[in-house]
Amino acid sequence: MSQMLQIHGQLREMILSLDLAPGERLTERWLESRFSGSRTPIRAALARLEGEELVRRDGRNWIVAPIDLGELEALAEFREPLETTGVRLACSRASEADLAAIEEMLDACQAGAPREEWHRVGTEFHVELARLSGNPFIAKAIGGAMTRLSRARWLEVWTEPSREQAWAEHRRILAFIRRNEPDEAAREVAAHIRETRNRLLRSLNDDRRGLRARGFAVLGVR
């Protein structure tokens, strides 16, 4: 793997996991020291991250892209028709083995599991359901949307009640697919997307002081 791809992968993970805060400034000199890399691969990695809208130029330096509440609203609007179509298709196309694998994935997150695991599995749940639609375009689109939501979704798994609510909603969706009830599965996934959006927006608005204290830049917080 080239040095540029290694730097890009590490930086991307640091941004998506909030190790680098939204709005945090990045200088090429700091990045050269952090990754023991030369300026050329670092600039190429930053350009790639800029194309993914995870960093922005800030004069001669860069910043980690802020979390944008407007984007969260737009992503919910984007996901709902795709995921409802996806679960309808999954009802007739998913095998019992496929559904059992997803259930096992959900079961792996128990009380005491680290937040990182809840975050990972919560993301993979939606990506796997999209894959079970059998439509590669739906799967690719939902995978991209869940990546865009990654930073905000850390707030969804921050507290035990939020985690438990999300998992209860996941299990209801899965149960409807297993029973081959496409209308009910579609209604449940639409309600889940809307409720997740509302939880994230409430968290971001309610914790605006705490977010500022942690150095997080969030656009559109009221």
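A residue is called buried if its relative accessible area is under 20%, exposed if over 50%, and partly exposed in between (1.4 Å probe, protein chains only). This is a predicted model, so local features need pLDDT of at least 70 and side-chain atom pairs count only at pLDDT 80 or more, while totals for chains, interfaces and linings use all residues. Residues are numbered from 1 along each chain as its sequence is written, and side-chain values use heavy atoms, with hydrogens and water left out.

**Exercise 1. Find Leu129 and work out whether it counts as buried or exposed.**

Step 1: go to helix 6, where Leu129 lies. (Helices are DSSP runs of H or I with at least four residues, strands are E runs of at least two, and both are numbered from the N terminus.)
Step 2: check the relative accessibility, which is 3%, so Leu129 counts as buried.
Step 3: look at what it touches, where contact means heavy atoms within 4.5 Å. Not counting residues up to four places away in sequence, Leu129 touches Val87, Ala90, Ile102, Ile173 and Ile177.
Step 4: take Ile177 from that list; it is 48 residues from Leu129 in sequence, yet their C-alpha atoms are 9.7 Å apart.

**Exercise 2. Now try Glu169: which residues is it in contact with, beyond its neighbours within four places in sequence?**

Step 1: find Glu169 in helix 8, residues 160–178.
Step 2: with a relative accessible area of 6%, Glu169 is buried.
Step 3: list the contacts of Glu169, which are Glu188, His192, Glu195, Thr196 and Arg199.
Step 4: for another distance, go to Gly134, 35 residues from Glu169 along the chain; the two C-alpha atoms are separated by 22 Å.

**Exercise 3. What is the strand order in the open sheet of 3 strands?**

Step 1: strands pair if DSSP finds at least two bridges between them. Strand 1 and strand 3 (residues 61–64) pair antiparallel over 2 bridges, and Arg25 stands opposite Ile63 of strand 3.
Step 2: strand 2 and strand 3 also run antiparallel, joined by 4 bridges. Here Asp58 has Asn61 in strand 3 as its bridge partner.
Step 3: put together, the order is 1-3-2.
Step 4: look at the hairpin of strand 2 and strand 3, with 2 residues between the strands, and you'll find Gly59 with a positive phi near 65°.
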